[in-house]
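The structure is shown first.

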Amino acid sequence: MAKKSRPRKKKKPPLHRRVIERIADFIRRVWRYTLLGLVGLAALLVLWVALYRFVDPPGGIYMWQESRRLGEIQQSWVDMEQIAPVMARSVVAAEDANFCRHWGFDMSAIRQALAEGSGRGASTLSQQVVKNVFLWQGRSWIRKALEAVITPMVEILWPKRRIIEVYLNIAEFGEGVFGVEAASHRHFDRDPIDLSARQAALLAAVLPAPQVRNAGRPTDWIQRRAAAIVDGAATIDRDDRAACFQP
């Protein structure tokens with residue numbers, strides 16, 4: 001009777017190969033979970049941005065920081081229909097004259113700022129909304145990278161009129177004064193729908209440095225700046241550069 005041969009045991013690969021395979025498997029799993037996490041974060045970010053198209057944002061990190069520092073701030077939300085149209089035109093004329101012609105980044109302004117060696121003037125209203133609503137103040141590369149990602153989302157998911165509406169409600173117009181509702185009452189004792197062209201221009205003139213400029217007590221420079229903004233607001237109205245946010 002023939003003797004049955006025992007099945008040969010499968011030879012284990014060398015130890016160093018097993019170690020390499022385990023490391024490779026671990027890296028694949030980490031990479032897979034990282035990709036899934038990034039996709040999940042991107043989806044949440046898109047939903048967050050989309051939500052604020054319909055829901056008024058409560059503010060942002062900077063507004064919260066100022067509230068903590070000062071004890072309280074002045075800010076009340078007001079719909080676009082309750083803001084004088086000249087206020088929106090004045091802000092665009094002062095801060096982002098090509099607002100209706102770009103997709104979130106004004107490349108001509110960026111090139112000019114780089115040529116002059118200054119970052120001032122390169123930030124669009126869309127970028128400022130992203131910074132004030134979703135991010136924080138500062139010039140870190142992380143914040144700039146996030147701003148570069150979120151700004152196109154805002155431009156795609158929000159109409160231009162919504163971007164202006166949010167900006168006018170969260171922009172700082174003075175120390176502890178946020179939004180055009182609080183600013184118009186603080187400086188001119190009137191509702192934002194009743195602002196004149198000059199008053200709107202004075203408010204827009206303080207936006208680059210609201211903690212050191214005062215629309216209610218304007219210096220000669222601010223008055224000259226406001227006069228230029230009045231002309232600029234009328235110009236963008238005539239040449240249709242305000243068409244994207246006006247009814």
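What covers the buried residues of α9? Elements α3, β1, α8 and α10 are included in that cover, where buried stands for under 20% relative accessible area, exposed for over 50%, and partly exposed for the range in between (1.4 Å probe, protein chains only). The model is predicted, so local features require pLDDT of at least 70 and side-chain atom pairs count only at pLDDT 80 or more, while totals for chains, interfaces and linings use all residues. Residues are numbered from 1 along each chain as its sequence is written, and side-chain values rest on heavy atoms, with hydrogens and water left out.

**Overall fold**

The protein has ten helices and two strands; helices (H or I, at least four residues) and strands (E, at least two) are DSSP runs numbered from the N terminus. Along the sequence the elements follow the pattern α-α-α-α-α-α-α-β-β-α-α-α. Of the 247 residues in the protein, 38% are buried. The protein exposes about 15,000 Å², and carbon and sulfur atoms supply 57% of it; accessible areas come from the Shrake-Rupley method with a 1.4 Å probe, and for residues only the protein chains shown count as cover.

**Helices α8 and α9**

Helix α9 is mostly covered, with seven of its nine residues buried. These are Q199, A200, A201, L202, L203, A204 and A205. In helix α8 (residues 180–188), the buried residues are V180, A182, A183, S184, H187 and F188. Their cover includes α3, α7 (160–170), β1 (172–174), β2 (177–178) and α9 (197–205). Just after α8, D189 adopts a positive phi of about 55°.

**The disulfide**

A disulfide is taken as a pair of cysteine sulfur atoms within 2.5 Å, and by this rule the count comes to one. The bond joins C100 and C244, whose sulfur atoms lie 1.9 Å apart. The link of C100 and C244 is left-handed, with -75° about the S-S bond. Because C100 lies in the loop between α3 (85–95) and α4 (107–116) and C244 in the segment after α10 (220–238), the pair ties together parts that are 144 residues apart in sequence. C100 is partly exposed at 22% relative accessibility, and C244 is partly exposed at 29%.

**Salt bridges**

The structure holds ten salt bridges, each defined by a side-chain nitrogen of Lys or Arg within 4 Å of a carboxyl oxygen of Asp or Glu. Three of them are listed here.

| Salt bridge | Closest N and O atoms |
|---|---|
| R28 with D25 | 3.8 Å |
| D25 with R29 | 3.4 Å |
| K160 with E155 | 3.1 Å |

K160 is buried at 12% relative accessibility, and E155 is buried at 15%. Elsewhere, salt bridges that share partners join D25, R28 and R29 into one network. R28 and D25 are three residues apart in helix α1, so about one helical turn separates them. D25 and R29, four residues apart in helix α1, are likewise separated by about one helical turn. D25 is partly exposed at 33% relative accessibility, and R29 is partly exposed at 37%.

Which residues make the nonpolar surface patch? W31, L35, L38, L41, L44 and L47 form it, with an area of about 680 Å². Patches are made of residues with over 30% relative accessible area and no salt bridge, like charges being joined within 9 Å and nonpolar side chains (Val, Leu, Ile, Met, Phe, Trp, Tyr) within 5 Å. L35 is placed in helix α1 (residues 15–54) and is partly exposed at 38% relative accessibility.

UniProt, in an unreviewed entry, lists residues 30–51 as "transmembrane region"; its positions are given in the numbering used here, feature names are shortened, and annotations may be inferred rather than shown by experiment. In the model, residues 30–51 are 100% helix and 0% strand, and the end C-alpha atoms are 31 Å apart.

**Surroundings of S67**

S67 is located in helix α2 (residues 61–70) and is partly exposed, with a relative accessible area of 26%. Leaving aside neighbours within four places in sequence, S67 is in contact with E72 and I73. The C-alpha atoms of S67 and G176 are separated by 7.3 Å, although these residues are 109 apart along the chain.

Notes: Contact means heavy atoms within 4.5 Å.
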